[in-house]
Each structure stands twice: as C-alpha cells, then as structure tokens.
Amino acid sequence: MTSHLLYMTLFAFLVSLVFAVLLKDEPRQQLRFGVLTFAGFMLGALALGWLMYPFPL
Amino acid sequence: MRAEATTRAPSTSVVLVGLAAWLVPGGGHLWMGRRFKGLVFLGALVLMFALGLSLQGRLFPFEFAQPLVGLAAFANLAAGLPYFVAWAAGLGDGQVIAATYEYGNAFLIAAGLLNTLVVLDACDIAAGRK
C-alpha cells in the first residue's frame, strides 16, 4: 500500500512526539506542544501541496 | 575561573551517558532514571528506523565525492545500534525505483538526527545543566 498521506501523517506524528517529550517536561505542556507541532506539520504540508498544485513541474 | 570551566574536559560519566544514549536511543535517559522519556525515545526512534527500512530506504555509504551522500551516511550512523544491526543483517540497500524510497530515506535520516538531539539532551542532564 502506498499512501502518501499515511506516511506523511506517521512521520509528523513521530517527529512531533519526540520533539514534545524532548523539549517539554510537564505532561500538559508536552501534549499541547505535540498537538501544535503535529498540526503545524500537517497543515503546512497540505498548504504547500495546494500552493504547488497550479504550478506543476 | 571562566577559562578553566570552558576548557575542562567532559567528565567520564557524561561521555558514558552520551555513548549509551547514542548506542541505544533513549538509553541515556533510562540510565538516569528518566524512564518515561527514555521509553518514548526508544519506541519512537527505533520505530522510525524500522519504518525507513521497510519503506525501501537506503543506508547511505560514506562517499564524500558526493557530499550529501556522506552527510546522509553520518545521519544514518547517528541512529546507533539499529544502524549496526541493519548493516549486519544486510538491510538498507534501498530500492530507488520503489515509490516509497524517498519516504524511507526521510524516516531513516530523521531517526538519526533526532537521536543526535536526544544524545545532546542526555549529556546536558548528566552534566547537570538541565
């Protein structure tokens, strides 16, 4: 199975998890930072994807 | 006083913790009793490395004629023990024609680079800076 969205989501989740646990010490802060980072990855990638749509290489 | 502090060699325990943290992702944190962080790093980084291999990613050779390949090799090596296990098992040939090849490389390289940050964090904790 080749799902670009699935691999991107997995990557974003794992990187966000490591960053959140590495950079924050309190569980609530870790959760907040992790969710924000994950959302940033996903929304950023989707926004870039849409921006590139009208300009194919 | 300041000059003495900045030129002082790292203590043995910091070096040992750094080595443990590099070899086993999260191992430095586990050693220092930070069990939750250590287990999360161990699980997430080993999973990322394994996913990279299963997605046909490549363990890059140390070829410095192509600088990016050489840098990617260092990033792979930074993953620690999983790198040596995969290398000994003959994994990580990389299938360039596979649709998931670049995803595999992204997972493998990111696992190594994230482990580098984890090693530095473990060294900071061992040195009493955190």
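## A:Phe19

A:Phe19 is partly exposed, with a relative accessible area of 24%. That value lies between the limits of under 20% for buried and over 50% for exposed. The model described here is predicted.

Helix α1 of chain A holds A:Phe19. Leaving out residues up to four places away in sequence, A:Phe19 touches A:Phe33 in chain A and B:Leu114 and B:Leu117 in chain B. Its C-alpha atom is separated by 18 Å from that of A:Ala45, 26 residues apart along the chain.

## Nonpolar cores

The largest nonpolar core has 25 residues, and the members touching the most others are A:Val18, B:Phe41, B:Leu45, B:Met48, B:Phe49 and B:Leu59. At least two residues each come from α1 (4-23) of chain A and from α4 (35-54), α6 (81-88) and α7 (101-126) of chain B. The most is given by α4(B), with eight residues.

B:Leu45 is in contact with A:Val18 from the other chain, and with B:Pro25, B:Ala111, B:Leu114, B:Asn115 and B:Val118, neighbours within four places in sequence being set aside. A second, separate core has six residues, among them B:Val14, B:Val17, B:Ala21 and B:Cys123.

## Second largest pocket

The second largest pocket contains about 150 Å³ of space. Its lining consists of A:Phe13, A:Ser16, A:Leu17, A:Ala20, A:Val21, A:Gln30, A:Leu31, A:Gly34, A:Val35 and A:Phe38. Two or more of these residues are supplied by each of α1 and α2 (27-52) of chain A.

By class, seven lining residues are nonpolar and three are polar, while none is charged.

Definitions and conventions
Residues are numbered from 1 along each chain as its sequence is written. Chains are lettered from A and ligands numbered from 1 in the order in which they are written. This is a predicted model: local features need pLDDT of at least 70, side-chain atom pairs count only at pLDDT 80 or more; totals for chains, interfaces and linings use all residues. Side-chain values use heavy atoms; hydrogens and water are left out. A nonpolar core is a set of buried Ala, Val, Leu, Ile, Met, Phe, Trp, Tyr and Cys residues joined through side-chain atoms within 4.5 Å. Buried means under 20% relative accessible area, exposed over 50%, partly exposed in between (1.4 Å probe, protein chains only). Helices (H or I, at least four residues) and strands (E, at least two) are DSSP runs, numbered from the N terminus. Contact means heavy atoms within 4.5 Å. On a 1 Å grid over the protein atoms alone, a cavity is a set of points where a 1.4 Å probe fits but cannot get out, and a pocket is an open set with protein on both sides within 12 Å along at least five of seven lines; lining residues have an atom within 4 Å of a point. Grid points are joined across faces, edges and corners, and a volume is the space filled by probe spheres set on the points. Ala, Val, Leu, Ile, Met, Phe, Trp, Tyr, Cys and Pro count as nonpolar, Asp, Glu, Lys and Arg as charged, and the others, Gly among them, as polar.
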